[in-house]
Structures are given as structure tokens and as C-alpha cells.
Amino acid sequence: MPARNASALANGGESPAELPESLLRYVIRTRESVTLHDATAENLFSEDEYIQRKRPRSVFCLPLIKQGKLVGVLYLENNLAPGVFTPNRLAILELIASQAAISLEQARLYAELSQENRDRKQAQEALRANEVKYRHLVDTTPAFVHTALPNGDLDFFNRGWLEYVGLPLTELLGWRWTSAIHPEDVEAILAKWRASLESGKPFVGESR
């Protein structure tokens, strides 16, 4: 009794030669199960290419639904005898199908999560590479460069800045950037700094 998961047909992954396309598309569209006790007798799908060629006897097709969403289609056939899919067997198959729907949905979610983790890892690696490139560029530029947190604490100094002040990095981290400015110039620069933080726009200033 061949059994196939026909979920791929919904995305065009199967061809009429492999499955009874008209029957499967009917189940996908209506989300109703179909039981053919004798597929060789006249029925709604008698003209299907697969049924014409393979001449299956008993056919059962069931949509796999999880939380109102179609996640696949279960297709079963028996080529030897009609009436194979009795009510008792159908009840068991429907129970199995409900568990299969859960498994398929979990597999899909796991695959999406795995892909999301791979994408995030690639993005993090690209970000680290760009950060290394950026820091190298800033560190070797012939100018004094530092960055500060919104509270004013300095958190980065380029090589030129460190060489100019002659202090180790361990002593400078946690400084407030105003510590490097002449006291008489602090208020004017601070006013521009606060305006820049509020507007998000850069500012230009000179100080001793």
C-alpha cells in the first residue's frame, strides 16, 4: 500500500506522473478528505492521468492541518483490492495524520529557526569583520580620534590620541571627554555636545 506525503504538490514539487494531481489539488483546495473505495469505477477523478495509467483500486487522501493551517497531504493507495479503507481504518489514519501534522509543523519551525540562527551568525561575523576594518582604519589615520558614550565617558581612542597624551589605555577608559579640554573651553563645547545628542546631528568645535 504505497503512501506518500504530498505536501510538495502545494508548492509545485510533484508532477502528474507521480501522483493523481486533480485529486490532490482538490484536497488542498477544499481541505476535505477523499476516499475512493474503487478508483477504477466512475468518479470525480476518473480522468486523472495518474489514475488512468496506474489504475489504483482503493485510494485515500487526507489534508494535514495544524491550527487551521495546511501543512501537508497524506495520500494512500492500494492497487490490489477495493474497499480497503474501512471506517475503522480511516479513524486510525486520521489520528495518525493529526500527529503527523504536528511533526511536520515542528520540523518546519525547526528548519526556519536553524536558518535564522545561520543568518544571524553570518550577520554577526560580517559585523565583526567590518568593526575590525573600521577600527584599523581609524587607528591608523593621522589624526586624534576618540569616541564617547552619551554620558560623556570615553570608550575608544585611536593610536595617535594615545601617543599624544602618553597614557596607557587602562588609565584613560572611563575618563569623561571633557577631561581633555581646557577648563575655559568646556562650557562652549558642552553646549554643542548636548545639542548634538538631542538632534542627532554632528557638530564642529575648537578647543584647547
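Visitor: How many aromatic pairs does a search of the whole structure find?

Guide: Four. Rings of Phe, Tyr and Trp (its six-membered ring) pair if their centres lie within 6.5 Å; planes under 30 degrees apart are stacked, over 60 edge-to-face, the rest tilted. This is a predicted model: local features need pLDDT of at least 70, side-chain atom pairs count only at pLDDT 80 or more, and totals for chains, interfaces and linings use all residues. Residues are numbered from 1 along each chain as its sequence is written, and side-chain values use heavy atoms, with hydrogens and water left out.

Visitor: Why is the pair of Y26 and F45 edge-to-face?

Guide: The ring centres of Y26 and F45 are 5.6 Å apart and the planes sit at 70 degrees, so the pair is edge-to-face. Y26 lies in helix α1 (residues 21-30) and F45 in the loop between β2 (34-36) and α2 (49-54), so the pair ties together parts 19 residues apart in sequence. Helices (H or I, at least four residues) and strands (E, at least two) are DSSP runs, numbered from the N terminus.

Visitor: Is F45 buried or exposed?

Guide: F45 is buried, at 6% relative accessible area. Y26 is partly exposed, at 22%. Buried means under 20% relative accessible area, exposed over 50%, partly exposed in between (1.4 Å probe, protein chains only).

Visitor: And how are the rings of F157 and W161 arranged?

Guide: Their centres are 4.8 Å apart and their planes at 45 degrees, so the pair is tilted. F157 is buried at 5%, and W161 at 7%.

Visitor: Switching topic. Which strand pairs with β3, and in what sense?

Guide: Strand β3 (residues 58-66) pairs with β4 in the antiparallel sense, over nine bridges. Strands pair if DSSP finds at least two bridges between them. V59 has E77 in β4 as its bridge partner. Two residues lie between the strands of this hairpin, where Q67 takes a positive phi near 55 degrees.

Visitor: How many residues of β4 are buried?

Guide: Eight of the 10 residues in β4 (residues 69-78).

Visitor: Now salt bridges. What does D185 bond with?

Guide: D185 forms a salt bridge with R208, the closest N and O atoms being 3.0 Å apart. The definition is a side-chain nitrogen of Lys or Arg within 4 Å of a carboxyl oxygen of Asp or Glu. D185 is buried at 14%, whereas R208 is exposed at 52%. Shared partners join E184, D185 and R208 into one network.

Visitor: How many salt bridges does the whole structure have?

Guide: The search finds five. Among them is E21 with R25, at 2.9 Å between the closest N and O atoms.
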